[in-house]
Amino acid sequence: MARLNYEMNRQKAKVPMPELDPAERAKTFDEVAKGYSEEDAVTEARRCIQCPNAPCVGGCPVGVPIPQFVAQVAEGDFARAYAIVKGANALPAICGRVCPQETQCEGVCTRGRNGEPVGIGRLERFVSDWAFAHPKEAAAALDALREECAAGDETACGIVRSAEGAVSKDLAGKRVAVVGSGPASLTCAGELAKRGCTVTVFEALHRVGGVLTYGIPEFRLPKALVEREVAKLGEIGVSFETNALVGRLYDIDELMDERGFDAVFVGTGAGLPSYLGIEGEGLNGVMVANELLTRVNLMKAYEFPAYDTPVYAGKRCVVVGGGNVAMDAARTAKRLGADVCVVYRRGREEMPARAEEIHHAEQEGIEFKLLTNPVRVVGDDAGWVCGLECVRMELGAPDASGRRRPEAVAGSEFLIDIDMLVIAVGSKTNPLVARATPGLEVTPRNLIVVDERTCATSKPGVFAGGDVVIGAATVILAMGAGKRAAAGIAEYLASAV
């Protein structure tokens, strides 16, 4: 590998991300962030000081060798940078867009101690998009790495092994069923295929991608990009069965005993919505965020009537919640023509949504009523929502989550006039697979119990990971679980030979 030699960029701030104008983007589902140019990427990459302890790698749930790929971007070798990223991360174009880098790799970046951290996520997105636009150059870079490996360069050999995997004779002919097609499942499937397993992914919906397809809006994650990443898995032998609801069409025992799979990975996510538990939630015009986002993202309702699924967002819409799903729902409703207000029972600092998503929502004209909690949904004589009764809150002592507990202010009730209410207060694991699988240990919250290292469940040959194990979390945490599970499954299958 060539010795790196470039002039350091000592600017304290990141290179700004080009974005669509807020007034324009609030009316379109086009992607908000436009991505770095080549010049932007090189400039930002040269902010990395290549610190020897590389805390950023430890902060990445899938272990991307961040300093190495960033150094290649700084040198202008984008193809080699992509080969390095892709070896560790099955979905880099997706992670570069939706991962909470600010609390993971960038959160521990040494440059962040004196200014802003290096824009690792933006660089990951850049190299992925660049490689898609330059497939011949990306392929040539991998060929060059193979040649360097053959010549004895161990660093090059490591990159090649990560990118291509190492087919194991012990796993040849072994068949693995992957239940669900979200980020944990796609990662697990890809890692197992690289090891030589025959992998089939079972998806309950008619399109593959899980939450990447039905949950995250087009303006944050274009669906063509998800399809592109899924297609790459098909190229290495992963097959997909859609409209296949495991737990109804098949159960785990049938997959193993009748269809002949040697192991099963369960990555069904956490798609069961939560409700507020207050009067009036059954009124017309009340919707959970899951339904709104699924109609718009999966069913293309924002292009109705060109697509068959309609969607209603009202004219005065309130979204209840403070997480990323709430921001996605609010920004979606705004694009559908509603005046949108987000109601959240804690303050701005306690909001779990990414700061970037909150900032974008504010730029797009979405109102925030913080320290505000709904207590009753009000309906008209026709059974439609017409108001939301709320109470002011104040923060008390920290609760079990470590955040200060919200407490109602006596006598502070007030009414918001609305014609649409979207509930985005979290989601739960669907118990369908667990209930249909005798011998599978679950918690009282219907989370599947697994071994932390291997992701093995209490049922031999069955593994699980992602939100179905830890509850609703992030794409990259699910991917990390998918990688661990693939290693655990490979270990199990090899020992069963």
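## The five-stranded sheet

Five strands line up here as an open sheet, in the order β6-β14-β7-β8-β9, with parallel pairing. Two strands count as paired if DSSP finds at least two bridges between them; helices (H or I, at least four residues) and strands (E, at least two) are DSSP runs, numbered from the N terminus. The edges belong to β6 (286-288) and β9 (367-369), each of which pairs on one side only. From one strand to the next, the twist averages 25 degrees.

This is a predicted model, where local features need pLDDT of at least 70 and side-chain atom pairs count only at pLDDT 80 or more, while totals for chains, interfaces and linings use all residues. Residues are numbered from 1 along each chain as its sequence is written, and side-chain values use heavy atoms, with hydrogens and water left out.

Inside the sheet, β7 (residues 316-320) and β8 (residues 339-343) run parallel and are joined by five bridges. Look for Val-320 sitting opposite Val-343 of β8. Helix α14 (residues 289-298) lies across β6 and β14 (420-423), at about 75 degrees to β6. Axes are lines fitted to C-alpha atoms, for helices over the stretch in contact, and angles run from 0 to 180 degrees between N-to-C directions.

## Val-377 in β10

Val-377 is part of strand β10 (residues 372-379). Its relative accessibility is 3%, so Val-377 counts as buried (under 20% relative accessible area; exposed is over 50%, partly exposed in between, with a 1.4 Å probe and protein chains only). Its contacts, meaning heavy atoms within 4.5 Å, include Ile-278, Leu-283, Val-286, Val-385, Leu-388 and Leu-421, leaving aside residues up to four places away in sequence. Val-319 is 58 residues away from Val-377 along the chain, and their C-alpha atoms are separated by 13 Å.

Helix α4 (residues 66-74) has eight of its nine residues buried, so it is largely enclosed by the rest of the structure. Among the buried ones are Ile-66, Phe-69, Val-70 and Gln-72. The buried residues of α4 pack against α2 (38-45), α3 (55-58), α5 and α7. After α4 comes Gly-76, with a positive phi near 85 degrees.

Helix α12 (residues 223-235) has 13 residues, which at 1.5 Å a residue should span 18 Å, and its end C-alpha atoms are 19 Å apart, which agrees. The expected span is 1.5 Å times one less than the number of residues. Buried residues in α12 include Lys-223, Arg-228 and Glu-229 as well as Leu-225 and Val-226. Just after α12, Gly-237 has a positive phi of about 105 degrees.

The loop between α2 and α3 holds Ala-54, which has a positive phi of about 45 degrees although it is not a glycine. Ala-54 is buried, with a relative accessible area of 15%.

The loop between α14 and β7 contains Lys-300, another residue other than glycine with a positive phi, here near 60 degrees. Lys-300 is buried at a relative accessible area of 13%. Pro-305 is found in the loop between α14 and β7 too, and a cis peptide bond joins Phe-304 to Pro-305, with omega about 10 degrees.
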